[in-house]
Amino acid sequence: MIFSDPEIWAATLSMAVPLALPAIGGTFSERTGVVNIAMEGIMLIGAFFAVTFSYWTGSAWLGLLAALICGGLTASALAWGAIRVSADQTVLGMGINIFAAGLTTFLLNTLFGFNGTPINTPKLPNVSIPGLDKIPYIGVIFQNQSILVYIMIVLVIVSHWFLFHTRLGLRMRSVGEHPLAADTLGINVWRIRYFGVILSGLFSALGGAYLSIGVLNGFTANMTNGRGYIALAAMIFGKWTPLGSFGAALIFGFSTALGIVLQGQGISSNLLQMIPYALTILALAGLVGRAVAPAADGIPYDPRRS
Amino acid sequence: MEIVDLKKWFPGVKANDGVNLTLCAGEVHAILGENGAGKSTLMKMIYGLLEPTAGEIRFMGKTVHFRSPREAIHAGIGMVHQHFMLIPALTVAENVVLGDEPGRIRFDRKEAQRRVYELSEKYRLAIDPSAKVGTLSVGLQQRVEILKAFYRKAKLIILDEPTALLTPQETRELFSIVHSLKADGVPVLFISHKLDEVLEISDRVTVMRAGKTVETVETSSATPQSLANLMVGREVVLRVEKSPAHPGEPILQIRNLHVRDAGRMERVKGVDLELRRGEILGLAGIDGNGQFELADAIAGLLKVEQGQLIFDGEDITRWSPAERTRRGIAYVPQDRQLDGLVLSFDLVENTILRDFRKRPFAKTGVIDRTAASRYTERLIREFDVRPPDSSRKASELSGGNQQKVILAREVSRDPLMLIAAQPTRGLDVGAIEGIHRQLVRLRDEGKGVLLVSLELEEILSLSDRIAVIHDGRIVDIVPGAQATREQIGLLMTGSRGHSEVSLP
């Protein structure tokens, strides 16, 4: 039976990483009141620059750092447009997605030519936690996973604690619900929103880097393949909470893993590849539980007119 | 606090043009004025949201210039806004401490709840610190706002139109809070346009008109008539003048009506009621007892679960709102901004909202702007809508003028019946007078008028008969001429018996 095979759970966990990280990032952004649909584009940027710098410097860790910096910068552009000039956040996000797809493809061709990124690009290590691998079944799931899987698990817990149990987390949530009320209490709405959006950029870039130097060690054009959008669905599915986003990412990850496993069973692979996307549509249509967005999500705040 | 010759000029408008006010320790000082008299502008200047053009504000003996609410809060000014500055998704404690939370990095939720609990004990504002604000009643939300002010060590409390959204009971509770604040020596600035409240709660009243403070009087020496005259600047008719009604045939018969609200809660639980031509039937009740769901159901905005609506001899129970409109039902909904107008449309578009399909406003599916504008301008003149400009967006009008536009649209279609839900909510004395006169005129023309209102005074002064609704059922129907405030108030609580208890 396929469900008793720990391999499918290992694959689920691994597939959840590039969904959970941007989903948690999106949670931070939207909790402060900025709609972020640019996760897809920021992931691409993260994935590309991770590979590039990993190859140039010979260190996957420096590649990861470069991915975070580039993702943060891209998110800053989104933040500036959304916060400072009150631009339409959906249009802005789409713009970044299209820009990122074009930019990474262009740079891939100009920097690396038609052969693509070199096969000797270093990737992040896979690790097994000593002791954990001794436990039957569970040990197999965690055996030889990318280090980013463990980082993700830590980030999920820290993010949840941060958003719901710290002063800054409380302020972030207040700004996303009622910025004018927060402003009259002396909270700097714009600064908190910048923080939330840039944080989302860092998480998305991390998710992108996982694809290019965590699972693989190379970049192909448009390699995120819509994961940024599925992450958006995971965020909504998870009711704008880090733990919920992670849970939703696991469900989507499982459906992807299931697709891969069932491929060997004689079911059309094209049909199976639809599973995560069909689930996404269901989640976005609100069929899976009622989700309430932060009240001021997507609404620019201008302190001068109140 | 002392305010000396304060002025605020906007381009083309003198919003405040000479405001003088002295607020003494431990007094409840009311500022009374019609909408647009400059009360809000004054508040915004005191609270640091606007900078004065000229004049000065002195607080605790020093001249102050607040550039932001932050500075005003810091100086000890506590403001309870008309539209609360609360975050529904957060708890009471979180709302109160926000911006000045206990804890270092971690938010110390326990400590926050403890502090809020202590404050609520100290000022006798009973509330559960761990409740989500969104689940609280409006009256309790207001307490949270007052607690917010005290948490920031306010030395002066400004209440901006505090009763606008409250039920009569909640208003009582607010007044007892104000009394206890006064007993503690906290001065309260009470902004309102409601005469009876000001008379009841304040020690002194300052009346504002057209941006100026007209006069400050001791409340004990003031009467409703004297204050109303000061507010409006002329003799005002407070009591509606009307001749006896000549009710005719029933126009609307409601039979065993059951209605659920949008959240599927049963709100109307078997109402039988009859409205006749040529009468005003007042529907009195405490907010949330099904009166507005009943009104929506008659207009066709809510589905009837069970029972019948007979209008002018026809069963309209399953008719669409548009069919009912065509048949002669006019509706002034409770929420004028949400259900009464399309705020982003101009006045022409709003006045033809009911009939835009028909001649003369449309020919073969194309709207005739010229004909529509001509019609709108006529209504603007007849109903004295200000500013008299049909190209204005509905959102640019004051509440009173928005209401005039709705009433003009509904009444000018020559309906057989009008349902008016809270037709004067939030309006000032002058505008209320005009709207009341319109309702009486409709009645005298032989139309049926169903007046749904939370204002007991309004029901008592207008209605020929008064039906009292409680928990979705009609408790009793009494003739308007004999009804007393106490009697109706008692019925509103659902008790039918003639007990000796009289409401305050």
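1. In this predicted model, the C-alpha centres of domain 2 of chain B and domain 3 of chain B are 26 Å apart. The contact draws 11 residues from domain 2 of chain B and 8 residues from domain 3 of chain B; two residues are in contact if their C-beta atoms, placed from the backbone, lie within 7 Å. On the domain 2 side, helix 15 (residues 429-444) of chain B gives the most, with 5 residues. The residues of that side comprise 6 nonpolar, 4 polar and 1 charged (Ala, Val, Leu, Ile, Met, Phe, Trp, Tyr, Cys and Pro count as nonpolar, Asp, Glu, Lys and Arg as charged, and the others, Gly among them, as polar).

2. Chain B as a whole is divided into domain 1 (2-232), domain 2 (246-328 + 417-504) and domain 3 (336-414). These bounds come from an automatic or database domain assignment.

3. Helix 5 (residues 138-151) and helix 6 (residues 168-183) of chain B pack with their axes 9 Å apart, at an angle of about 20°. Axes are lines fitted to C-alpha atoms, for helices over the stretch in contact, and angles run from 0 to 180 degrees between N-to-C directions. Helix 5 of chain B is therefore roughly parallel to helix 6 of chain B (angles under 35 degrees count as such). Helices are DSSP runs (H or I, at least four residues), numbered from the N terminus.

4. Helix 5 of chain B contributes B:Val138, B:Gly139, B:Gln142 and B:Ile146 to this packing, and helix 6 of chain B contributes B:Glu170, B:Glu173, B:Leu174 and B:Ile177. By class, the contact of the two helices has 4 nonpolar, 2 polar and 2 charged residues.

5. Between the chains, the contact takes 17 residues from chain A and 15 residues from chain B. Helix 7 (167-177) and helix 8 (179-184) of chain A each supply at least two residues of the chain A side, and helix 7 of chain A has the largest share, 6 residues. The chain A side divides into 7 nonpolar, 7 polar and 3 charged residues.

6. On confidence, chain B has a mean pLDDT of 87, with 97% of its residues at 70 or more; pLDDT is the predictor's confidence in each residue, from 0 to 100. Over residues 498-504 of chain B the pLDDT is below 50, and this stretch has 6 contacts in the model beyond near neighbours in sequence. For the complex, the predictor gives an ipTM of 0.84 and a pTM of 0.75.

7. Residues are numbered from 1 along each chain as its sequence is written, and chains are lettered from A and ligands numbered from 1 in the order in which they are written. Local features need pLDDT of at least 70 and side-chain atom pairs count only at pLDDT 80 or more, whereas totals for chains, interfaces and linings use all residues.

Methods
Angles under 35 degrees count as roughly parallel, over 145 as roughly antiparallel, 65 to 115 as roughly perpendicular and the rest as oblique.
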